[in-house]
Amino acid sequence: MAFNVKLDVYKDKLVVLLLIAVLIGVVTGFLAIAFRYALLIVIKLLWQNQSEVIAAVAGMKWYIILAIPVIGGLLIGPIISFWAPETSGAGVPEVIHTVVSKDGVIRHRTTLFKILATVISIGTGASVGREGPIVHIGGSVGSSIGQLIGVSAEWRRVFLACGAAAGIAATFNAPMAGLLFAAEIILVDFQVSYLSHIAISSITATVISYHFLGTFPTFDVPHYSLVTYWEIPLYIVLGVAAGGVAIAFTRLTSKVEDTFTHFKIPVYLRPAIGGFLVGLIAIKAPHILGVGYQSVNLVLAAKMTGALMLAIIILKLLASAFSLGAGFSGGIFAPSLVMGSLLGGFFGVVANGFFPGNIGASPAYALVGMGAVVAGTTMAPITAIFTIFELTYNFEIILPLMTSCITSLIVVQTFYGHSFYETKLIRKGVRFVRGRDSHMLRSMRVGEYMDKEYESVRESTPLGELVLKVQESHYPHFIVFNDKDELAGMISLSDIKPVLADVKDLCELLVVADIMTKEICTLTPEDNFETAFKVFEGKNVSTLPVVAHRNSRKVLGVLKKSTLLYAYNEKILKTTALKT
């Protein structure tokens, strides 16, 4: 239940809204710390080591390595199947869906279930990241605070973005990365006026992270230097390879989901099967377990051979696809960083074989590869560039990073067309186009604007009676019902016009069923205005029937095109007024 505090009345009071952003940053920051410590406890309990999982696994029995991810899957299954389905997967697509289609409303309990599901998933070895879930957790915090205070849908979305930014910032100790992530990925209709709120949440969460975890970066980052500008073509090639890895990751994850669906495997069993496959890989390649940042540090320290890096890229790709496709709770950011470091490291080893002593060392290419794969999977190159920059604080890396990240983005746009997040949403039937108007259309439902009063006739109504009814009515379209009171078609003046010249001769011979339009489009109350506009587009009709559900013939009302346009224009005027 929302408090009776309508902050939209005080929208011009920047200080109040900034204080709320600070509160969101504080809560998300502490939750991020609690999440990290809970995860460390579980990893210590199951794998006997918090930081050296690879070494710990080497001394474990094979059946224990196999059993732990399966047990994790058995625990996750009921959560994503019965209690909180939204906790399955990366978390970021769910947050974007909330922004574009649900007015920024996330259930309050999502925070708790997402923490629980992700701690179990990563703690038991699922090859996923913690960044996506912490975005979901932070977004849930922002949404819940917005709902409790009673702000408008627009400010709920802003506060949700504040929480998402705070989550990323606390995870990486990188406030700029959090800010850009929220602006580039989460808010589909980003406006500069919201930048200060998102920034303050991101900064607040980073301060809390600094206090508990220190100012140390997430990775052991080596010094980067661009040896010669002739390396730029090599970074273009690396970007092409990174785009290919991003596409393969997205397609393979979708293929795993499709395979589970094809064989009709229950949702509650899928994580256990995915855990079994991950466990099989981990017996020989423990590098794929969990977040995988230990592997990144090994690559950045040049402690992995080229052959091992190539093998782990492939196995990490498979393990991450099995984990995410099966429904484990975790993000794609960490797997993308891990695969990017391995790809860049391998590429650097090969390149140095051709140009020994004339180009940067393999760790330099690993750093750039991390950003390039992230740019490809998320299609958010600015976030990728600044994430890696905030790890190095070295301006020399900017040019290679921009080269590889933009190349990777172009490859994904050309040969696939969607980010990992967009693919997940499209597969759920959610298509979103970035832009304020599209978002506004998606927030308006047909059921809220349809007319329940309309003109109708029967299929058996004679032509003469129909003509009289048309003359007396102000409606240009009539719903046609059959004997079972079901939708049979529609009839309009354009249907009657061809027979008007002979109406005296045909008034008793023809009935409505003979001249009506039988193939008609319908809407449902749950459809949004974006869908309605697309249905009206290119059709010479001013009214559409609204039926109970898809494939139903039970008419609940009608939506007039004039109503659609009027409601949309009124919404724009109200939004504009609130901004001035």
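These legends walk through several close-up views of a predicted model. Residues are numbered from 1 along each chain as its sequence is written, and side-chain values use heavy atoms, with hydrogens and water left out. Because the model is predicted, local features need pLDDT of at least 70 and side-chain atom pairs count only at pLDDT 80 or more, while totals for chains, interfaces and linings use all residues.

**View 1. A nonpolar patch sits on the surface.** Leu74, Phe82, Trp83, Tyr268, Leu269 and Ile273 make up this patch, and together they have about 590 Å² of accessible area. (Areas come from the Shrake-Rupley method with a 1.4 Å probe, and for residues only the protein chains shown count as cover. Patch residues have over 30% relative accessible area and no salt bridge; like charges are joined within 9 Å, and nonpolar side chains, meaning Val, Leu, Ile, Met, Phe, Trp and Tyr, within 5 Å.) Helix H3 (residues 62-83) gives the largest share, three residues. Helices here are DSSP runs of H or I with at least four residues, strands are runs of E with at least two, and both are numbered from the N terminus. Trp83 belongs to H3 and is partly exposed, at 45% relative accessible area. (Buried means under 20%, exposed over 50%, and partly exposed in between, with a 1.4 Å probe and protein chains only.)

**View 2. Arg427 pairs with Glu257.** This is a salt bridge, with the closest N and O atoms 3.2 Å apart; the term needs a side-chain nitrogen of Lys or Arg within 4 Å of a carboxyl oxygen of Asp or Glu. The pair links distant parts of the chain, 170 residues apart: Arg427 is in helix H18 (residues 420-427) and Glu257 in helix H10 (residues 232-262). Arg427 is partly exposed at 38%, whereas Glu257 is buried at 14%. The structure holds six salt bridges, and those that share partners join Glu257, Asp258, Lys424 and Arg427 into one network.

**View 3. Arg458 meets Asp485 in a salt bridge.** Their closest N and O atoms are 2.5 Å apart. Arg458 is in strand S1 (residues 456-458) and Asp485 in the loop between strand S2 (477-481) and strand S3 (487-492), so the bridge ties together parts that are 27 residues apart in sequence. Arg458 is partly exposed at 33%, and Asp485 is also partly exposed, at 46%.

**View 4. Arg550 and Asp527 join two loops.** The N to O distance in this salt bridge is 2.7 Å. Arg550 is in the loop between strand S4 (543-547) and strand S5 (555-560), and Asp527 in the loop between helix H24 (512-515) and helix H25 (529-536). Arg550 is partly exposed at 45%, but Asp527 is buried at 8%.

**View 5. Tyr224 is buried in the loop between helix H9 (195-213) and H10.** Leaving aside neighbours within four places in sequence, Tyr224 is in contact (heavy atoms within 4.5 Å) with residues including Tyr235, Ala364, Leu367 and Pro400. Thr392 is 168 residues from Tyr224 in sequence, yet their C-alpha atoms are 7.7 Å apart.

**View 6. Helix H10 has 31 residues.** From its first C-alpha to its last, H10 reaches 45 Å, close to the 45 Å expected at 1.5 Å a residue; that expected span is 1.5 Å times one less than the number of residues. Lys264 follows H10 and has a positive phi, near 55°.
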